[in-house]
Amino acid sequence: MSEAISLIRYGQHPLAQRAREVMTRGNTRSTLFVDPAPPYAVRGSGCRVVDQFGAEVIDCNNNYTSLIHGHSIPEITQAVSGMLADGTAFGLPTESEVALAELLSERTGHERWRFSNSGTEAVMTAIRAARAYTGRDVLIRFEGSYHGTADSVVALDAPGVPAGVRSDLIVVPQADRVAFDAAVADAGDRLAAVLIDLMPNRAGLVPAEREFVQHIRQTTERVGALMIVDEVISLRLAPGGFASEYAITPDLITAGKIIGGGFPVGATAGRADVLAVFDPLAASNVGWGGTFSANPVTMTAGRIAMERFGVAETDQLNLRGDALRAALTRGGVAVTGFGSLMRLREAVDFTELWWAAYQRGVMLGTNGLLALSTAMGDADVSHIERAVIDAVDSVRERNNS
Ligand SMILES: Cc1ncc(COP(=O)(O)O)c(C=O)c1O
């Protein structure tokens, strides 16, 4: 992309102007906004996205880590197009959800699966299941971890969250064992579950300490509470989920993003006896619907995406990520992460950094996140490396001058 396309032109583009007339700041998702206006995507193919100016960038955002194979995968396009003529939403279950659950169950070892349309819903479902199963109310979670937008998982002082929500929540600083133990003691026999993301993106994308994670597992077992691991982002890091890297088995996990093959998805999975709280034939059960949950388009696309992302592909993508992180570090860029996920940790203005990378042909997450896809070749990764180093250098220089 030419540097000549200035960001001011994005703010003045007729589409941006139209958008601002009907949506606050011109779009739906808070995380996609960049000042003065985000580029609007026109199409994507493989690892590339084209915007309304015709500018083409390498997609390192991958819809916030969800597109493990990039855009418009021929097998998925073909399968989904073929389905459209047969109907896309039914008031009946379909074989497609069974097939995806079978694949995920075999790969991760989690016994039962329940699908939804977003990671947010998956987290809400898991919390409800844990509370119903244990008959307890309190949830412990960690400060700064993002688990979607439900009242119980956003910042306690976030505008619009009722004070009552706080009474059943204890929020503990990341990796703070003393505070965690105190919270467990404080909750006593009211503790239903501990919710943890093992590599929280918004808290800096640093993998949790093994001992701490194992301590949480042992503690929850000891006090009869459940351990929920949020794998919405981290499932891409290991075939069994990132929890498998810690040699623990959570009672419940939440998943999303890559398991939808580019379509809206969420899933809650785990022990059969816990998921049995949803048993419609039980005398007392948790009712949980979702008009478009487990729709056949998502389920089919997700199955194809996951079939193409087995052990070898996962390892290969992680190695590629490790190599890129090492190259960025050698280039003087502060970066954290694991395998195919990384985050720039520079003390610079991130809006400026986002545009600087975009103008060098690379689309990041607005928080400096990079998620690799199998659609990237060696030349793409080299381009990303050079563009990011150059973008960081230029913004540092501007910020310090
Ligand atoms: C760890 C984690 N949990 C939950 C969510 C919420 O997922 P969704 O955006 O699909 O609602 C996200 C989204 O980025 C996430 O990163």
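Looking for disulfides (pairs of cysteine sulfur atoms within 2.5 Å) across the whole structure turns up 0 of them. Bear in mind that this is a predicted model, where local features need pLDDT of at least 70 and side-chain atom pairs count only at pLDDT 80 or more, while totals for chains, interfaces and linings use all residues. Numbering runs from 1 along each chain as its sequence is written, and side-chain values use heavy atoms, with hydrogens and water left out.

**Cysteines**
- Cys-47 is buried, at a relative accessible area of 4%; buried means under 20%, exposed over 50% and partly exposed in between, using a 1.4 Å probe and protein chains only.
- Cys-60 is buried too, with a value of 0%.

**Fold and overall shape**
- The protein chain has 13 helices and 14 strands, counted as DSSP runs (H or I, at least four residues, for helices; E, at least two, for strands).
- Its radius of gyration is 21 Å, close to the 21 Å from the globule rule for 401 residues, so the chain is as compact as a globular protein of that length. That radius is taken over C-alpha atoms, and the rule is 2.2 Å times the number of residues to the power 0.38.
- Along the principal axes, the C-alpha atoms fill a box of roughly 65 × 55 × 45 Å.

**Packing**
- Of the 401 residues, 53% count as buried.
- Among contacts (heavy atoms within 4.5 Å) with a separation of 6 or more, 72% come from residues 24 or more positions apart.
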